[in-house]
Amino acid sequence: MGCGSCSSGGCGTSESAVSGCGSKGTCGTGGCNKMNVFDWLSHMDVPASQRFDVVEVKFKGGRKEYFRNINQLEFVTGDYVVCEMASGQHIGAISLQGELVRLQMKRKNVVINDDMHVIYRIATEKDLDKHTQAMAREMPTLYRTREIIREMKLNMKLSDVEFQSDNTKTTFYYSSEERVDFRELIKALASEFKVRIEMRQISLRQEASRLGGLGSCGRELCCSTWLTDFKNISTAAARYQNLSLNPAKLSGQCGRLKCCLNYELETYIDALRDIPTVDAPLKTKKGNAVLQKTDIFKKIMWFGFDKDTNWYPVAIDKVMEIIALNKKDILPESLDILTPEPEKGIEKIPGKLNSDLENLDKKYSEEQKKKKKKKNKSGKNKNNANKPQATASPATDSK
């Protein structure tokens, strides 16, 4: 039933092992599913009298609620239990227990009182069979309800249906951009399915979290795995990160801006505090340089001149210096050279008015000397070639 059948014990079910489950979500025991919390205090033994008597139970779609364990039952993470509901009973899986539940309730401002629902017992085989039959009715009910909505011409999108385990209540999850009058719809559904009807409106982000899917990054959606709080996301987050304002790339499965745009937003805002604001082109003697892009973390700004396809990197310190010079109506030489260099003139010795003529005379006299040396060398080589070469004859002994 629970994750006790998992040999790794990484889901908080074993006293000897508390590391992550090595089955990578394929153990099928309920401990590695989405929205599951790793119990890092599972290896600690707490006396029964000091145990926190509230447990966290997970239902379909990642919905979690808190129930009191008044009977002091021993649970294992992943066990199916029968819980008390406002109307009847429902079956869910234990997702968290112990001191971590106390911390979660404190974070979510959940108060323990006498009105909190309780856990009756651990689900038996008969309870699980009844729960399976209730789940089998969900898809046919979803398709039939969509047909009724289409016939009534209601502007709403039905995304999911959840039957209570005892078949006494059905919750319909829908999304709509305007107010919907579904009184006639509730009458039609109650007469057809013979159950108590509850209509619950959810946002498009909540709809995507319930249905699940894969994002453009190739991973499972954050809202269906670990993200629970949906914060407001605006296009300013994309502007701060220098992203192109392309709705096709910035939108997620829900049709809204991606939640991951907020993950690194604070880091970009902190880095942008040191970046100067360039409202006008930088004026230099080479021309006007227009800002093309900014590398926030390397603190380099790229500029381009008119009629020039090249971009030139400039450090932030130099950009601030050029802006300060432009405010004083001073034009630097270029983006790299901020101060004009002095002209390198020829040092003239006083008293020698005809120094240029003397330099020319020296130049031509040296060339004439080189030509004479070449002629002398060539003449010697010719004389040596005309001389006969002496041959040596072998000496003979005369007797």
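This is a predicted model: local features need pLDDT of at least 70, side-chain atom pairs count only at pLDDT 80 or more; totals for chains, interfaces and linings use all residues.
1. Asn167 is partly exposed, its relative accessible area being 23%. The loop that holds Asn167 runs between strand 6 (157-163) and strand 7 (169-175). Asn167 is not a glycine, yet its phi is positive, at about 60°. That is worth a look, because most residues other than glycine have a negative phi.

2. Asp329 also deserves a glance: its phi is near 60°, a positive value in a residue other than glycine. You will find Asp329 in the loop between helix 9 (316-327) and helix 10. With a relative accessible area of 70%, Asp329 is exposed.

3. Next, the hairpins. Strand 10 (residues 287-295) and strand 11 (residues 300-305) are antiparallel partners over 6 bridges, and Thr294 has Met301 of strand 11 as its bridge partner. This hairpin has 4 residues between the strands, and Lys299 takes a positive phi near 55° there.

4. Strand 11 also pairs with strand 12 (residues 311-315), in the antiparallel sense and over 5 bridges. Here Ile300 stands opposite Ala315 of strand 12. There are 5 residues between the strands in this hairpin, where Lys307 has a positive phi near 60°.

5. Now to the charged pairs: the whole structure contains 18 salt bridges. One of them joins Lys299 to Asp274 through their side chains, at 3.3 Å from N to O. Lys299 sits in the loop between strand 10 and strand 11, and Asp274 in the loop between helix 8 (265-272) and strand 9 (282-284), so this pair ties together parts that are 25 residues apart in sequence. Lys299 is partly exposed at 33% relative accessibility, and Asp274 is partly exposed at 46%. Elsewhere, salt bridges with shared partners link Lys60, Glu138, Asp160 and Arg210 into one network.

6. Glu56 pairs with Lys64, their closest N and O atoms lying 3.8 Å apart. Glu56 counts as buried at 1% relative accessibility, whereas Lys64 is partly exposed at 22%. Arg183 and Asp181 meet through their side chains at 2.9 Å, N to O; Arg183 counts as exposed at 58% and Asp181 as partly exposed at 43%.

7. Finally, please look at the lysines on the surface. Lys369, Lys370, Lys371, Lys372, Lys373 and Lys374 gather there in a patch of positive charge. Lys369 belongs to helix 10 (residues 355-386) and counts as exposed, with 56% relative accessibility.

Conventions. Residues are numbered from 1 along each chain as its sequence is written. Side-chain values use heavy atoms; hydrogens and water are left out. Patches are made of residues with over 30% relative accessible area and no salt bridge: like charges are joined within 9 Å, nonpolar side chains (Val, Leu, Ile, Met, Phe, Trp, Tyr) within 5 Å. Accessible areas come from the Shrake-Rupley method with a 1.4 Å probe; for residues, only the protein chains shown count as cover. A salt bridge is a side-chain nitrogen of Lys or Arg within 4 Å of a carboxyl oxygen of Asp or Glu. Lys and Arg count as positive and Asp and Glu as negative; His and the chain ends are not counted. The place of a charge is taken as NZ of Lys, CZ of Arg, CG of Asp or CD of Glu. Helices (H or I, at least four residues) and strands (E, at least two) are DSSP runs, numbered from the N terminus. Buried means under 20% relative accessible area, exposed over 50%, partly exposed in between (1.4 Å probe, protein chains only). Two strands pair if DSSP finds at least two bridges between them.
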